[in-house]
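Q: I am new to this structure and would like to learn how to read its features one at a time. Could you take me through a few of them?

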Amino acid sequence: MSFHLKLSFFLGFLFVISISRGQQTNATYTKRVLETSEIDMLFSYYSQDGQNAAVTGGEGTEELTDVTSTLVLRMPLNDNDILTVDVGLSAYTSASSSNVNPLDGGNLNTSPFDASSGESRRDLLAYINPSYQHSSDDRNTIWSANGYFSNEYDYVSVGFGGSYTKLFNEKNTEVTVAGNVFLDKWNAIYPIELREGFFDDRITGNGTYAPSFTVFDNESRNSYSISLTLSQILGKRLQGAVFTDLVLQDGLLSTPFQRVYFGDFEDFFIDDFQLADDVERLPDSRFKLPIGGRLNYFLNDFLVLRSYYRFYWDDWGIVSHTASLETAVKLSDKFTVYPTYRYYNQTAADYFFAKEEALSTFEFYTSDYDLSNYDAHQYGMGIQYKDIFANTKLLTFGLKTIDLRFNQYDRSDGLNAFIVTLGTTFVGN
C-alpha cells in the first residue's frame, strides 16, 4: 500500500485548499486573476499498519511511516497569467519494503512480520510540478499547461499535460477538458532470493529451491488520461459538478518486488521467512473509467455541506464506489471546522489470490491486498484559521490561512492508517 493511500489523503487536502482559495478569489475578484504572489507550505505525517504485505506475498507487516513537505508558489506574471511551481519531498520508512531483502539487517530470526534493518526499509521521493495558466480578458476562457518530474530509488516519472476551461451562462456554467501523459521508468528491484547468484545454506524445505521466475523485459510504464468536468451553479445556495476520466496504462504494471507463493509448489524457508515462488504478474495494459459528481449546499453563512460520489470500473475486474460528506461549520470570522466521513468499497481484481491460492499455471497473479475485495471507512476533522488582513508576516508575505487536518482510515482486511496534515497560505504585499 500504501504510499498510494497516503498520496490520496494528501491530494485530497490540496484539493480542499484549492477549492477554498478559488472561492475566496472569486469573491474578491478585481481586474487581475491573481492580485499578488501566494505561497502554500504543506506538511504531512502518515502512519499505517496491517498484516497483509504484498512484498511478502500477502502475509506480513505493512508498517509504514511517511513524512511529506511541499512548497507551492503562485506568481502573477501580468493581469491574465499565473505561473505555479509545486515542489516536494516525501521520505518514508517501511517495514514492508525492508523485506525486499530481509537478510541484510542481521536479524537473529528472519520473519515477514519483522522489519529488516537494511537500507531497503527507506526511500526518498522528490518531485517538481510547474504549470502555466492563462485567462482571457473576459475571464470566460482559461487554458493551462503543466509538467511533472519525480524521482525515487527505483522509479522515475516524467509527465506533461494541459487543460481548457470555458465559462458560459454568466459564469454559472463551467466546462473543463484536461489531458495528461506520464512516461515512467522502473529500475526493477527483485526480492533477494530471486536475484542472480543468490545462495544461502540455511534454506530448508523438501527438494531443491527452484523458483518460477524470469526478469521483466520491459521496465517502462506509461499512463494517458483525458478528463471532462461540468460545473454548474444550480441556485443561490446549491452548486454541483459531474466528471469522468478515461485512463489508459501500458507497460510494466506489476511491482517487481512483490512476492507470490503458489499452491502447487513446495515451501522453502530461511528461518521463518518463506522464499518467493515468483513475483506478481499483471497484464501490460489497464483501462480505468471513473464517473462521479459533487454537490455543495450553502445552508447559511455558518454551515456548508459538501457531498461527493464516484463510481469506478476497470478491465481488471475492479468495481468500486466512493461516497463522502464534509461539513464546513463557521465558528467565527476566523475559525471554521470541517468534520468529514468517507466510505469506500471495491470488488477484487480478477488476478488477486491470497497466499498460496494461485497456481504456477496461471498467466497473471498477485497477492497485493490493494487489489482484493474490501471496504473502508475514513473519519476526519479539520480546522481552518483565516486572517483576511494577513497581519502575521513571514518576510514580506502575510499569513492568509492555516489548515490543520486529521484523518483515520480503517479497512476491512485489517489495514489501518492515520494522517496529520498542516497547510499554510501566505500572500505577498
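Q: Which strands each supply at least two residues of the nonpolar patch?

A: This is a predicted model, in which local features need pLDDT of at least 70 and side-chain atom pairs count only at pLDDT 80 or more, while totals for chains, interfaces and linings use all residues. Residues are numbered from 1 along each chain as its sequence is written, and side-chain values use heavy atoms, with hydrogens and water left out. Strands are DSSP runs of E with at least two residues, numbered from the N terminus. Here strand 1 (38-49), strand 20 (397-411) and strand 21 (416-428) each supply at least two residues of the patch.

Q: Is Thr173 buried or exposed?

A: Buried means under 20% relative accessible area, exposed over 50%, and partly exposed in between, with a 1.4 Å probe and protein chains only. Thr173, which lies in strand 7 (residues 173-186), counts as buried because its relative accessibility is 13%. By contrast, Phe43, found in strand 1, is partly exposed, because its relative accessible area is 40%.

Q: Which strand pairs with strand 17?

A: Two strands pair if DSSP finds at least two bridges between them. Strand 17 (residues 335-346) pairs with strand 18 (residues 374-386) in the antiparallel sense, over 12 bridges, and the bridge partner of Gln346 in strand 18 is Tyr374. Strand 18 is also joined to strand 20 by 11 bridges, and these two run antiparallel, with Gln378 standing opposite Tyr409 in strand 20.

Terms used. Helix = DSSP H or I, 4+ residues; strand = E, 2+ residues; numbered from the N terminus.
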